[in-house]
Amino acid sequence: MEHLPEMHLQHPATVEEAVKLHAAAPASRYLAGGSDLLVNIRRGIERPDSLVYLNGIAELHTITDGLEQISIGGAVTLRELAESQLLRKPFSAVAQAAGKVAGPSHREYGTLGGNLCLDTRCVFYNQSEWWRAANNYCLKYRGDICHVAPGGKKCFAAFSGDVAPALLLFDAEVELAGPDGRRRIALAALYRNDGMDHLTMTRGELLVAVHVPKIPAPVRTGYAKSRVRGSIDFPLAGVAVRLGLQDEKIADLRIGLTGVSPLPFLVRGLDKFVGRKPDDACLEELREVVRGQAKAMKTTLTPPHYRRRVAGALAQKLAESIF
Ligand SMILES: Cc1cc2nc3c(=O)[nH]c(=O)nc-3n(C[C@H](O)[C@H](O)[C@H](O)COP(=O)(O)OP(=O)(O)OC[C@H]3O[C@@H](n4cnc5c(N)ncnc54)[C@H](O)[C@@H]3O)c2cc1C
Ligand code: SF4
């Protein structure tokens with residue numbers, strides 16, 4: 001790792017001021033907890049000339065319980081999210097996912113906004129400058145080949161934030177502020193399936209808040225992940241499950257995945273499980289559906305087939321355990 005280069009550190013007090021400061025410097029970046037960005041700067045992956053520090057903006061630190069939704073500010077920390085009383089049933093998956101990010105010290109200053117806007121990861125990318133130079137870089141940054149899928153022009157670096165798949169279970173929306181004002185989009189629309197450019201936000205947009213609609217149905221939810229070091233690591237695969245039963249049959253089923261593709265996403269084709277009893281045969285079938293859509297590539301030292309299998313197994317176990 002290199003020393004941190006010289007950069008201007010800006011301290012805005014409002015969202016609008018932050019957006020203006022960002023627009024004024026050609027290569028600026030928003031800085032929240034810095035637990036991902038500062039590491040990437042020290043690796044030479046990011047080279048901003050100015051950092052717009054979001055911690056002094058009061059609006060970004062609130063969690064509010066509205067009539068129809070819970071709103072969580074972009075700079076709310078992962079520890080606050082994990083401990084929030086508002087995120088108990090049925091939103092347990094969100095609190096559990098936040099509580100499983102990295103280690104306790106990261107959760108103390110790492111934020112929701114930083115977690116949702118996390119860069120994608122790959123074993124050929126998250127390396128020091130000299131390591132990447134020795135390997136002729138790669139498509140994602142400065143190079144012209146992909147070491148994971150040589151010959152192709154697509155980057156498969158994996159989105160590995162834990163909280164996004166849990167929020168996807170609830171049709172969460174994100175509020176963005178940019179030079180053209182504020183807008184609100186579905187969280188799912190924040191992402192695209194491209195490891196080189198996985199966020200759809202336009203340059204200078206800031207994630208102000210996440211709005212989670214309240215749900216009347218009595219569903220239960222949970223989050224589980226597989227990681228190399230149990231106390232502090234990104235997910236090799238992360239799975240969020242939402243399950244509702246009526247008369248002992250499945251009435252509501254959603255599964256969100258992370259760590260296995262360039263974007264977090266909801267598993268498709270789960271309607272066929274509605275109306276069935278969640279017995280062994282049903283849950284084994286569910287495991288296979290999840291495994292089939294977890295298209296992990298060779299972006300970690302752990303083999304992709306393990307990550308695909310573990311995604312299915314986690315979904316099966318989680319669905320079994322939350323009821
Ligand atoms: C050892 C280690 C282990 C880790 N393990 C995990 C893990 O298990 N799971 C996991 O999910 N993460 C993990 N992380 C990554 C990181 O700690 C968390 O994802 C954290 O939530 C990032 O938040 P932050 O506030 O520190 O983001 P920052 O580093 O400040 O920012 C990350 C990115 O988001 C942008 N950004 C931040 N806030 C906003 C905003 N409000 N609007 C627009 N853009 C914004 C920044 O410009 C930057 O590009 C790990 C990191 C380390 C160093
Ligand atoms: S998937 Fe390929 S292009 Fe993307 S970071 Fe890894 S090696 Fe680079």
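**View 1. The lining of the second largest pocket, by class.** The lining of the second largest pocket has seven nonpolar, four polar and four charged residues, where Ala, Val, Leu, Ile, Met, Phe, Trp, Tyr, Cys and Pro count as nonpolar, Asp, Glu, Lys and Arg as charged, and the others, Gly among them, as polar. Of the 15 residues in this lining, Asn193, Val260, Ser261, Pro262 and Lys295 lie nearest the centre of the pocket. A pocket is an open set of points on a 1 Å grid over the protein atoms alone, with protein on both sides within 12 Å along at least five of seven lines, and lining residues have an atom within 4 Å of a point. This is a predicted model, in which local features need pLDDT of at least 70, side-chain atom pairs count only at pLDDT 80 or more, and totals for chains, interfaces and linings use all residues. Residues are numbered from 1 along each chain as its sequence is written, and side-chain values use heavy atoms, with hydrogens and water left out.

**View 2. The surroundings of Leu116.** Not counting residues up to four places away in sequence, Leu116 touches Phe159, Ala164, Leu167, Val174, Leu187, Leu190, Tyr191, Leu199, Leu207 and Val210, contact being heavy atoms within 4.5 Å.

**View 3. The largest cavity.** A cavity is a set of grid points where a 1.4 Å probe fits but cannot get out. The largest cavity is lined by 13 residues, and Cys122, Cys138, Cys146, Val148 and Cys155 are the closest to its centre. By class, this lining divides into ten nonpolar residues, two polar and one charged.

Technical notes:
Chains are lettered from A and ligands numbered from 1 in the order in which they are written.
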